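The following note comments on one protein chain for a reader who is new to structural description. Please keep the sequence and the three-dimensional view at hand while reading the numbered points.

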Amino acid sequence: GQCSSVCPTGAIVEHSEWRRVVDALENKTKVMVIQTAPSVRVSIGEELGLAPGTVETGQMVSAQRALGFDYVFDANFSADLTIMEEGTELLQRLAAHWQREEVHSHHPASAIARAAAASSLNGAADTNVVMAAPAGAEAAAAGEHAHGEGHGHAPGPLPMFTSCCPAWINLVEKSYPELIPHLSSCKSPQMMMGALVKHYWAGKMGLKPEDVCLVGVMPCTAKKHETERAEFRSAGGAYDCDMVITTREFGHILRYKKIPMASLAPSEFDNPLGQGTGAAVLFGATGGVMEAALRTAYELSTGEPLPGLELGAVRGTKGIKEAAVKLPVNPTTVKAGTAGKEIRVAVASGIGNARHLLQRMQAGEVHYDFVEVMACPGGCIGGGGQPKTHDPEAVLKRMGAIYQIDKDAPLRRSHENESIQRIYADFFGQPGGELAHKLLHTHYTDHSVDTQPTARDLLEGSGGVS
Ligand code: SF4
């Protein structure tokens, strides 16, 4: 169901936030910064009357400058950052799980064997950007309760679920609270950028967080509500992300301000928060987070690139997809317990498909290590804030454009992003480290008792109703 073509919800809950953005640009009391979701670059042209699947990234950047934004950053950068953190988290959870298996099958109660396994994992990281050693693996292997909140950093349980779709997060918190420890503790790319702009970049620029207004162009209204979560605000109440507009609202502003986006000369995002790889843009389509995460997790844990960089099994618009990725028996980088192991993954898009997949998992009919869920059919390219269209193929065409951008990208793996490598070297230290946990990870709350899912929860992704 290409919901964006028929679903009226986006219009109902879409406040006139575009007005607030225009006011902020006209009054200019703050430094104006903008970030754009991966999926928007393949749909903003369509919103302005071009054919579905037209890619206008450089023109979009120029249009954002023409509107008066002082800094134009890219959520693709924070998508790559998400992959570094989420890939690390996945490897930590897998390592703890495999160690536990090992311990139970060969060396019951052998603390020495566990310690040896843990230290060889520690010593094996020799890639350019180092995957963090699973500090809590031994504790988890010893059977201690592991949680996904990222405070003690003990690896959480498998399967791990992606956390970048806020409509999915709301569904878990209200209807499946037992899955909370399974959610990746990573913030979404939008919120990682918010944390970086307000608590890293602003300081470097000699600005206070409240001197900066960060606007996001996002595929749905769920992304607006995500910014209102208490954990994404400073003690004083300031937001990490100040305003969010949808692709349609962004198009509306461009028309209102008479910015002829398509005829502008293309320009580049600002750095350091503007570089993104092909892997990052995949976030815009269902299966993309999975593919991007596996490219990096596979390579950083084995020292070898994922064979067949394009993971066909998780591509396309099918509502539920599965794949199994086998790690090499003799990997270049030998990490204890990884040789010959298999990572079983699943991808669901659309709330109905997600519920169906969860039912099968909870009934024990299927078993996975890593599961991606997006609330909208097709992923964010099918989001409720995307252009309304009568073309039944529109989502497919947007998806094709996503794959083409990845294919043409000079760098296609998140860990190859030089700006990402630099931010770890200069600031974060290593993925999954103390500072990364402080800024880039979050926690979730069981809302099953106080609130039932509202119509808005089910509708705001808008994909959920088709
Ligand atoms: Fe928003 Fe839909 Fe993307 Fe989820 S899948 S982040 S609801 S557009």
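This is a predicted model: local features need pLDDT of at least 70, side-chain atom pairs count only at pLDDT 80 or more; totals for chains, interfaces and linings use all residues.

1. Two strands are said to pair if DSSP finds at least two bridges between them. With that in mind, strand S3 (residues 160–161) and strand S8 (residues 370–374) run parallel and are joined by two bridges.

2. Of its 466 residues, 55% count as buried. Among the contacts in the chain with a separation of 6 or more, 79% are accounted for by residues 24 or more positions apart.

3. In what order do the strands of the open sheet lie? The order of the four strands is S3-S8-S7-S6, and the pairing is mixed. S3 and S6 stand at the edges with a single partner strand each, so one side of each has no neighbour in the sheet.

4. Strand S7 deserves a separate comment. Six of the eight residues of S7 (residues 342–349) are buried, so the rest of the structure largely encloses this strand. Seven bridges link S7 with strand S6 (residues 320–326) in the antiparallel sense; in this pairing, Ile320 has Ala348 of S7 as its bridge partner. S7 and S8 run parallel and are joined by five bridges, with Ala346 standing opposite Val371 in S8.

5. Are the residues of S8 buried or exposed? Five of the five residues of S8 are buried, and the strand is mostly covered. Phe370, Glu372 and Met374 point one way from S8, while Val371 and Val373 point the other way.

6. S7, helix H15 (residues 351–362) and S8 make a right-handed β-α-β unit. H15 has twelve residues and reaches 16 Å from its first C-alpha to its last, close to the 16 Å expected at 1.5 Å a residue. After H15 comes Gly364, whose phi is positive, near 75°.

7. Which residues of H15 are buried? They are Ile351, Asn353, Ala354 and Leu357. These residues cover an arc of only 160° around the axis, which puts them on the same side of H15. Gln359 and Gln362, on the other side of H15, are exposed. In general, an α-helix has 3.6 residues a turn, so residues three or four places apart point the same way.

8. The largest nonpolar core has 116 residues, of which Val33, Phe73, Trp168, Val345 and Ile402 touch the most other members. Its largest share, twelve residues, comes from H6. If neighbours within four places in sequence are left aside, Ile402 is in contact with Val42, Val281, Leu282, Gly284, Ala285 and Ile381.

9. Why does Gln99 count as buried? A residue is buried if 20 or more other C-beta atoms lie within 10 Å of its own, and Gln99 has 24 other C-beta atoms within that distance, so it is buried. Gln99 lies in helix H6 (residues 75–105). Gln99 and Thr338 are 239 residues apart in sequence, yet 9.5 Å apart in space, C-alpha to C-alpha.

10. H12 is followed by Lys258, whose phi is positive, near 55°.

Key:
Residues are numbered from 1 along each chain as its sequence is written. A residue is buried if 20 or more other C-beta atoms lie within 10 Å of its own, exposed if 12 or fewer, and partly exposed in between; C-beta atoms are placed from the backbone. A crossover is right-handed if, with the strands pointing away from the viewer, the path from the first strand over the helix to the second runs clockwise. The expected span of a helix is 1.5 Å times one less than its number of residues. The arc is that of the directions from the helix axis to the C-beta atoms. A nonpolar core is a set of buried Ala, Val, Leu, Ile, Met, Phe, Trp, Tyr and Cys residues joined through C-beta atoms within 7 Å. Two residues are in contact if their C-beta atoms, placed from the backbone, lie within 7 Å.
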